[in-house]
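Trainee: I'm new to this one. Can you show me how to read its rings and its ligand?

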Amino acid sequence: MSKKIVVLAGDGIGSEIVAQAVKVLDCLNQDFDLNVEMEHGLVGGSAYDETGSPLPEATLTLAKESDAVLLGAVGGYKWESLDIAVRPEKGLLGLRSELELFANLRPAILYPQLAHASTLKEDVVSGLDIMIVRELTGGIYFGQPRGIRTLDNNEKQGFNTFIYKESEIERIAHVAFETAMKRDKRLCSVDKANVLECTELWRAVMIRVSKEYPEIELSHMYVDNAAMQLVRAPKQFDVMVTTNMFGDILSDCAAMLTGSIGMLPSASMDKNQKGMYEPIHGSAPYIAGQDMANPLATILSVAMMLRYSLGSEELAVKVEKAVETALNQNLRTADIYTDGDIKVGTEGMGDAVVAALKA
Ligand code: IPM
Ligand code: MG
């Protein structure tokens, strides 16, 4: 039976990088019996321009009816002055919350071919393989009340709410422990339990859930220290689990360890393994339309989709190997280019991955 994927290119470089991922899916359909149908929809600023909403009803319906969603990126200067309720980012956040994609997996893997492209010393990052498990539908991103209010003295006050229920912490804890079970069985929970009650509870629930996973070595780290440790000695980590906002910040930090944020895919899953797959980078409007963006994070997101939502570990590995082949051919987009490499554009990199698949 064929599976249905919704493709949401979004804004900025979104359409260029997603086009490469679609080429990969087309190739898998034609040559490797992957049986997926793709439909395209609008999200983000481009959706706002056309429909007045960053997440049109039609897109949400398509996404709900699909087996998986492939997303490019949203946002751009053009929409920065819009009311926060209709900004492109709301389209993405709306998808995450409407589809209940509470578990965000963000692997940070250093390809040996790129060890010298990292801004950190090679021996600090070589062999790096971290999985960040970020809670994605709760915390301060979604907590109520929120807003900007005017006080009696006419001064404005902005406020957000950092809030987690035990059940929300429990379900992300289980994903993190299960993830660690398939890896090196070490889990570091990142919080700010010395200052914030919300994460005091987070820590207590992590400890409680850990009793069900006696094989896992659970540790705890305050988020400020975790940020420091990520750049000081990142290889100490196997799986990290953390709140929505801490995970947003730490995953960008971890991305740079791997040479470029242009390399990192992500999966956002609900409780039934339905998922949305997207590169962790943004829409990079300053390079949009110039055939410069690195499509590998999006292509690697397709690999994650194959693995987690389409049930094909075999094709997932094929795609990952094809990416490695392109890197082994010294092909590099601008973000991972160093002297002596062969510079290619977005299209060129996509073509190289497809060629490697077909070889
Ligand atoms: C991410 C992004 C998003 C986030 C933005 C675009 C809303 O930074 O996926 O990491 O903050 O979650
Ligand atoms: Mg982010």
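Mentor: Let's go through the aromatic rings, then the charges over rings, then the ligand. Keep in mind that this is a predicted model.

Trainee: How do I describe a pair of aromatic rings?

Mentor: You give the distance of the centres and the angle of the planes. Here the count is four aromatic pairs. In one of them, phenylalanine 177 and tyrosine 213 are stacked, 4.9 Å centre to centre with 10 degrees between the planes.

Trainee: Which parts does that pair tie together?

Mentor: Phenylalanine 177 belongs to helix α6 (residues 166–181), while tyrosine 213 is in the loop between α7 (197–210) and β9 (217–222), so the pair links parts 36 residues apart in sequence.

Trainee: Is phenylalanine 177 buried or exposed? And what about tyrosine 213?

Mentor: Buried means under 20% relative accessible area. Phenylalanine 177 is at 0%, so it is buried. Tyrosine 213, at 8%, counts as buried too.

Trainee: Where does a charge sit over a ring?

Mentor: Look at arginine 134: its charged end is over the ring of tyrosine 141, 5.3 Å from the centre. Lysine 343 lies over the face of tyrosine 337, at 4.7 Å from the ring centre.

Trainee: Which residues are around ligand 1?

Mentor: Arg134 and Tyr141 turn up again, along with Glu89, Leu92, Arg96, Arg106 and Asp248. By class, that shell has two nonpolar, no polar and five charged residues. Helix α4 (residues 88–98) gives the most, with three residues.

Trainee: How much of ligand 1 does the protein bury?

Mentor: Start with a contact: an oxygen atom of ligand 1 is 2.5 Å from a side-chain N or O atom of tyrosine 141. Taken alone, ligand 1 exposes 320 Å², and the protein buries 78% of that.

Technical notes
Residues are numbered from 1 along each chain as its sequence is written. Chains are lettered from A and ligands numbered from 1 in the order in which they are written. This is a predicted model: local features need pLDDT of at least 70, side-chain atom pairs count only at pLDDT 80 or more; totals for chains, interfaces and linings use all residues. Side-chain values use heavy atoms; hydrogens and water are left out. Rings of Phe, Tyr and Trp (its six-membered ring) pair if their centres lie within 6.5 Å; planes under 30 degrees apart count as stacked, over 60 as edge-to-face and the rest as tilted. Helices (H or I, at least four residues) and strands (E, at least two) are DSSP runs, numbered from the N terminus. Buried means under 20% relative accessible area, exposed over 50%, partly exposed in between (1.4 Å probe, protein chains only). A charge sits over a ring if NZ of Lys or CZ of Arg is within 6 Å of the ring centre and within 35 degrees of the ring normal. A residue is near a molecule or strand if one of its heavy atoms lies within 4 Å of it. A polar contact is a pair of N or O atoms within 3.5 Å; within protein, one must be able to donate a hydrogen and the other to accept it, and residues adjacent in sequence count only if both atoms are side-chain atoms. Accessible areas come from the Shrake-Rupley method with a 1.4 Å probe; for residues, only the protein chains shown count as cover. Ala, Val, Leu, Ile, Met, Phe, Trp, Tyr, Cys and Pro count as nonpolar, Asp, Glu, Lys and Arg as charged, and the others, Gly among them, as polar.
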